[in-house]
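Q: Could you show me how to read helix contacts and aromatic pairs in a structure that is new to me?

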Amino acid sequence: MRQALADRYAARGVPTSPGQIMVTLGAQHAISLLARMLLAPGGTALVEAPSYPHAYEALRSAGRRLVPVPVDTALGWDDDGLEQAFRRGRPAMAYVMPDFHNPTGAVMPVDQRERLMAAAERQDTVVVADETMAELRIDGNALPPLAAYGPAVLIGSMGKTVWGGLRIGWIRADEALIRRLVQSRYAQDLGTPILEQLIALELLGSYDELLRFRAKQLAEGRGQLEDLLHEALPDWKVPHVAGGLSTWVNLGAPVSSQLALAARDRGLLLGAGPRFGMDGVFERFLRVPFSYPLEDTRLAVGILEAAWRSLDDRVPGRTDFAPALV
């Protein structure tokens, strides 16, 4: 499994040995292992805002202090925010998603990847790039992994590309860090199940074919969702993302939590915008997936339209709805 993953990284532009790979119980397991290893109690981590909620939780449990950098669907990463976060926060670790960022779908351009790694080197920060969405490309050309621009640690998973029930992930790092991770892991678990690894290994043998199928599937889902939302809710701003599994919709009003609750009452579970941020921000946004069959997507948009029409502007937003998010 480690050799197959090393070969895939080499094909993507970053020569890798099996000793640079640790196979994990999915990406969340990888994030938690790295957070415990790299962050001392009270340590600081640079994060994106918005970002993956369960990553926030893992980083907070290990280091407590998070320094956010804004990410916008159209504008991408805030250059000044990145520089200031490194300079003022002096983070021990930076957690980023440069490819098809979750939830905005943004892709970090080459020049910004170079600046990110240069800033991290100046502050002796370990950059961890979550690549769980990186190979779910629909449009455009693939960029090399962040490790092609500097010594970034990479996280991958089959949970997004293949199936959420296949709990196989991995970490690519230098061999010294991998050895430290192996030793620290034994306090939590003793390894990744062999059967799941054999399934993953079989899938890696036809991974490119599988990804081409997924790209076609996701392109259709993206187009269908955009058309349905434009027809049912024309005032919403729906970004056209180049990959990933979802789009970060601007509702035009700070009612995301209300809308999520109203949708839940009608049988549709969606995470409100504040779930992807800190301190209650992103009430104007809603992450909407396009990875479902057409009939499911049509039903979901119908529920969203009904929920939207039912909102009472006089009722303040609520944030007591927090489903598990992937």
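Q: Which residues of H9 and H10 meet?
A: In this predicted model, Leu259, Ala262 and Ala263 on the H9 side meet Ile303, Leu304, Ala307, Trp308 and Ser310 on the H10 side. Sorted by class, the residues of this contact are seven nonpolar, one polar and no charged.

Q: How are H9 and H10 oriented, roughly parallel or oblique to each other?
A: The axes of H9 (residues 256-265) and H10 (residues 294-310) come within 9 Å and cross at roughly 120 degrees. The range from 65 to 115 degrees counts as roughly perpendicular and angles over 145 as roughly antiparallel, and H9 and H10 are therefore oblique to each other. The crossing in which H9 passes H10 is right-handed.

Q: What does the crossing of H4 and H5 look like?
A: For H4 (residues 79-89) and H5 (residues 110-123), the axes come within 9 Å, and the crossing angle is roughly 15 degrees. Angles under 35 degrees count as roughly parallel, so this description applies to H4 and H5. H4 passes H5 in a right-handed crossing. Among the residues of H4 in this contact are Asp79, Glu83 and Arg87, while those of H5 include Arg115, Leu116 and Arg122. By class, the contact of H4 with H5 holds five nonpolar, two polar and five charged residues.

Q: How many aromatic pairs does a search of the whole structure find, and how is such a pair described?
A: A pair of aromatic rings is described by the distance of the centres and the angle of the planes. The search of the whole structure finds five aromatic pairs. One of them joins Trp236 and Trp308, with 5.2 Å from centre to centre and 85 degrees between the planes, and is edge-to-face. This pair links distant parts of the chain, since Trp236 is in the loop between H8 and E9 and Trp308 is in helix H10, 72 residues apart. Trp236 counts as buried because its relative accessibility is 3%.

Q: Which cluster do ring pairs form around Trp248?
A: The rings of Trp248 and Phe282 have centres 5.9 Å apart and planes at 70 degrees, so this pair is edge-to-face. Trp248 is in strand E9 and Phe282 is in the loop between H9 and strand E10, 34 residues apart. Trp248 and Phe282 are both buried. Ring pairs link Trp248, Phe276, Phe282 and Phe285 into a cluster.

Q: Is Lys237 buried or exposed, and what does Lys237 contact?
A: Lys237 is in the loop between H8 and E9, and its relative accessibility of 60% means that Lys237 counts as exposed. Beyond its neighbours within four places in sequence, Lys237 is in contact with Trp248, Val249 and Asn250.

Terms used. Residues are numbered from 1 along each chain as its sequence is written. This is a predicted model: local features need pLDDT of at least 70, side-chain atom pairs count only at pLDDT 80 or more; totals for chains, interfaces and linings use all residues. Side-chain values use heavy atoms; hydrogens and water are left out. Helices (H or I, at least four residues) and strands (E, at least two) are DSSP runs, numbered from the N terminus. Buried means under 20% relative accessible area, exposed over 50%, partly exposed in between (1.4 Å probe, protein chains only). Contact means heavy atoms within 4.5 Å. Axes are lines fitted to C-alpha atoms, for helices over the stretch in contact, and angles run from 0 to 180 degrees between N-to-C directions. A crossing is left-handed if the near helix is turned anticlockwise from the far one by less than a right angle, and right-handed if clockwise. Ala, Val, Leu, Ile, Met, Phe, Trp, Tyr, Cys and Pro count as nonpolar, Asp, Glu, Lys and Arg as charged, and the others, Gly among them, as polar. Rings of Phe, Tyr and Trp (its six-membered ring) pair if their centres lie within 6.5 Å; planes under 30 degrees apart count as stacked, over 60 as edge-to-face and the rest as tilted.
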